[in-house]
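Here is my note on the model, as numbered points. Please read it with the structure open.

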Amino acid sequence: MNPVNVGLLGLGTVGGGTLNVLVRNAEEISRRLGREIKVVAAAAREYDPEGLDGIDQVRVSNDAADVISDPDIHIVVELIGGYSPAREFVLEALANGKHVVTANKALIAMHGEELFAAAREAGVTLAYEAAVAGGIPILKAIREGLAGNRIEWVAGIINGTGNFILTEMRDKGRDFADVLKEAQELGYAEADPTFDVEGIDAAHKLAILASLSFGMPLHFEKTYTEGITKIEPRDVTYASELGYNIKHLGIARNTDEGVELRVHPTLVPKGRLIANVDGVMNAVLIKGDMVGPTLYYGAGAGSLPTASAVVADIIDVARSIDHIDTAVPCQGYQDGKIEDLPVLPIEEITTSFYLRMYARDIAGVMAEVSSLLAEAGISIEAMHQYESHTEDGCVPLVMLTHRVKEQVMNETIARIEALETIKGEVARIRMEHLD
Ligand code: HSE
């Protein structure tokens with residue numbers, strides 16, 4: 001059988017990794033596929049040939065059109081990232097009848113619907129396994145492995161950079177900026193690292209997970225997003241003393257009222273496996289109505305792990321290249337069966353909370369705060385006053401609450417902050433038991 005010809009757009013961290021995986025595991029791959037996969041061309045504005053296996057066999061140009069318009073190429077692999085010109089390149093490749101594989105979560109989250117329609121129109125496939133959770137084959141697990149379930153909720157650590165930063169801060173007391181710099185040097189971080197630390201990258205991925213899990217459109221713009229930049233080392237310590245780790249979670253839940261889509265720092269009981277996922281590793285916990293909870297763990301970023309997912313897509317596409325009607329639909333559901341489920345605003349969501357405030361060290365403060373919580377019907381699970389004093393003689397007061405609607409908590413926090421005995425803002429971190 002003739003080889004399947006692949007053209008790469010981008011030869012950076014993931015592009016270079018993809019070439020290396022295809023070359024290093026060529027024999028194993030053709031044993032599985034029954035034919036050879038050959039990278040025949042690549043387009044990159046600049047690249048370092050050092051460490052790129054078999055690059056001398058690849059025609060490299062600095063013009064994407066040389067790949068997109070090459071009649072011999074069956075699969076175009078977009079690994080340049082970002083919204084534009086990636087969107088234009090993918091649309092052009094699809095229009096030229098090429099199958100497309102991409103690792104670009106921003107592109108899929110923002111323009112997925114348009115691209116899926118273009119792929120359908122052209123009778124080709126658009127695959128994007130590497131867009132979520134790096135090397136973990138999570139999209140295949142949802143679309144195929146869990147296809148017999150109604151998925152109830154998904155909770156994941158889906159940004160490796162953010163998890164790496166939180167872990168290093170907790171375990172080694174390292175400075176935020178210093179760890180971020182290391183994540184950039186290791187090739188984990190996005191071109192704009194605010195995407196990692198402000199939760200935008202995780203929100204892109206969560207929108208994709210929710211779409212595939214619940215059969216709904218991609219709603220990145222409706223995803224509530226809160227980053228990790230405001231987490232103070234003392235909160236990590238207090239949470240730990242209370243039996244929780246702080247994780248930056250993406251959570252999607254399909255409820256009777258609507259879909260929750262939220263990315264935020266979260267206290268998770270230390271006993272949960274996902275609370276112990278550290279460093280650049282990702283993990284996704286999925287609750288299916290028949291199977292119950294299942295957990296998927298692996299490297300969420302980095303050259304070879306992400307390339308592993310890209311290559312799996314290339315193999316999948318290559319398998320159905322001549323009978324594309326047998327391929328699993330891009331969003332896992334049949335065309336016309338995607339339901340536009342309403343997305344709940346964050347104020348409507350109910351969770352437990354960790355609250356930390358600074359109180360004047362005088363009698364009756366705890367009673368004042370707890371009576372405001374009681375008036376709002378918020379029940380307290382734990383309360384602790386720490387001995388350490390701030391410069392102006394205040395003491396940290398930490399409490400964990402039972403579940404309450406966000407809007408009620410917002411109003412109550414405003415009332416607590418207005419108390420004469422409380423200094424500054426109340427820090428709040430949501431809490432999930434994931435049981
Ligand atoms: N910047 C991303 C992360 C890369 O750290 O998870 C993988 O999508």
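1. Start at Ala-133. This residue is buried, with a relative accessible area of 0%; buried means under 20% relative accessible area, exposed over 50%, and partly exposed in between (1.4 Å probe, protein chains only). Ala-133 sits in the loop between strand S6 (126-127) and helix H6 (138-145). Its phi is near 60°, a positive value in a residue other than glycine.

2. A word on the source. This is a predicted model, in which local features need pLDDT of at least 70 and side-chain atom pairs count only at pLDDT 80 or more, while totals for chains, interfaces and linings use all residues. Residues are numbered from 1 along each chain as its sequence is written, and side-chain values use heavy atoms, with hydrogens and water left out.

3. Leu-434 also has a positive phi, near 50°, and is a residue other than glycine. Leu-434 lies in the segment after S17. At 10% relative accessibility, Leu-434 counts as buried.

4. Look next at Pro-85. The peptide bond from Ser-84 to Pro-85 is cis, with omega near 15°. Pro-85 belongs to the loop between strand S4 (75-78) and helix H4 (86-95).

5. Is Ala-191 buried or exposed? Ala-191 counts as exposed, at 87% relative accessibility. Its place is the loop between helix H8 (176-185) and helix H9 (194-197). The C-alpha atoms of Ala-191 and Gly-82 are separated by 8.6 Å, although the two are 109 residues apart along the chain.

6. Helix H11 covers residues 233-241, and its buried residues are Asp-235, Val-236, Tyr-238 and Ala-239. An α-helix has 3.6 residues a turn, so residues three or four places apart point the same way. What covers the buried residues of H11? The cover includes helix H7 (160-172) and strands S9 (244-254), S10 (259-269), S13 (350-360), S15 (394-401) and S17 (422-431). Contact here means heavy atoms within 4.5 Å. After H11 comes Gly-243, with a positive phi near 100°.

7. On cysteines: how many disulfides does a search of the whole structure find? The search finds 0. A disulfide is counted as a pair of cysteine sulfur atoms within 2.5 Å. Cys-330 is buried, with a relative accessible area of 14%. Cys-394 is buried too, at 1%.

8. Now the whole chain. The secondary structure comes to 14 helices and 17 strands. Helices (H or I, at least four residues) and strands (E, at least two) are DSSP runs, numbered from the N terminus. Buried residues make up 54% of the 435 residues. Among contacts between residues at least 6 apart in sequence, 73% join residues at least 24 apart.

9. On size, the C-alpha atoms fill a box of roughly 80 × 45 × 35 Å, taken along the principal axes.

10. Last, the surface and charges. The protein chain exposes about 18,500 Å², and carbon and sulfur atoms supply 48% of it. The chain has 38 positive and 65 negative side chains. Lys and Arg count as positive, Asp and Glu as negative; His and the chain ends are not counted. The centres of the two sets lie 3 Å apart, with each charge placed at NZ of Lys, CZ of Arg, CG of Asp or CD of Glu.

Key: Accessible areas come from the Shrake-Rupley method with a 1.4 Å probe; for residues, only the protein chains shown count as cover.
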